[in-house]
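Trainee: I'd like a close look at one part of this model, please. Take me through that part and what lies around it.

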Amino acid sequence: WQSTVVSVGYDSDVDAVRRLLVEAALAQPRVLREPAPSAALSAFGADGLEFTLGYWIADPENGQLNLRSDINLAVLAALRMHGIEIPYPQRVVHMRPTS
């Protein structure tokens, strides 16, 4: 079992994100169809909604990082194609006058 985590903007269509994540995993022939990949809203992050995509493979000896990278690249392309924002971390800085 492998997984990857991605954050999207809070205004994102949750159902669309889940569908795109699963489709990205299924596009890789090494990902098993049974049990099927699943995507879940796993956290409300400081900068966005965090989704975890889980999937099974039968051949970890053929490498795991290369497959995770291929899936992450497919996720990135799909989110960009559908206009779903991947948020940048944002911080507020308060400046105090020195006098």
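Mentor: In helix α2, L67, I71, V75, A78 and L79 are buried. Buried means under 20% relative accessible area, exposed means over 50%, and partly exposed is in between, with a 1.4 Å probe and protein chains only.

The model is predicted: local features need pLDDT of at least 70, side-chain atom pairs count only at pLDDT 80 or more, and totals for chains, interfaces and linings use all residues. Residues are numbered from 1 along each chain as its sequence is written, and side-chain values use heavy atoms, with hydrogens and water left out.

Now the helix itself. α2 covers residues 65–81. Helices (H or I, at least four residues) and strands (E, at least two) are DSSP runs, numbered from the N terminus. α2 has 17 residues. From first C-alpha to last, α2 reaches 24 Å, close to the 24 Å expected at 1.5 Å a residue. The expected span is 1.5 Å times one less than the number of residues. After α2 comes G83, with a positive phi near 65 degrees.

What covers the buried residues of α2? The cover includes β1, α1 and β3. α2 lies across β1 and β3, and runs at about 25 degrees to β1. Axes are lines fitted to C-alpha atoms, for helices over the stretch in contact, and angles run from 0 to 180 degrees between N-to-C directions. α1 (residues 14–26) lies across β1, β2 and β3, at about 30 degrees to β3.

Next, the sheet. It is open, has three strands in the order β1-β3-β2, and its pairing is antiparallel. Two strands pair if DSSP finds at least two bridges between them. β1 and β2 (38–44) stand at the edges with a single partner strand each, so one side of each has no neighbour in the sheet. The twist averages 25 degrees from one strand to the next. Seven bridges join β1 to β3. Six join β2 to β3 (residues 49–55). A hairpin of four residues links β2 to β3.

In β3, F51 is the partner of L41. E50 in β3 is the bridge partner of A43. E50 is also the bridge partner of S7.

Look at β1, one of the strands under α2. Its covered face holds Q2, T4, V6 and V8. Its uncovered face holds S3, V5 and S7. In a regular strand the side chains alternate between the two faces of the sheet.

Two residues on the covered face deserve a stop. Start with T4. At 10% relative accessibility, T4 counts as buried. Its side chain makes a polar contact of 2.7 Å with the side chain of N72. A polar contact is a pair of N or O atoms within 3.5 Å; within protein, one must be able to donate a hydrogen and the other to accept it, and residues adjacent in sequence count only if both atoms are side-chain atoms. Neighbours within four places in sequence aside, T4 is in contact with F51, T52, L53, R68 and N72. Contact means heavy atoms within 4.5 Å.

Then Q2. This residue lies in β1, which spans residues 2–8. Q2 counts as buried because its relative accessibility is 2%. A polar atom of the Q2 side chain lies 3.3 Å from the backbone oxygen of Q64. Residues up to four places away in sequence not counted, Q2 touches L53, G54, Y55, I57, Q64, L67 and R68. L67 in that list is one of the buried residues of α2.

One last spot, away from the helix. E34 lies in the loop between α1 and β2. P35 is found in that loop too. The peptide bond from E34 to P35 is cis, with omega near -5 degrees. E34 is exposed, at a relative accessible area of 66%. The C-alpha atoms of E34 and I57 are separated by 9.7 Å, and the two residues are 23 residues apart along the chain.
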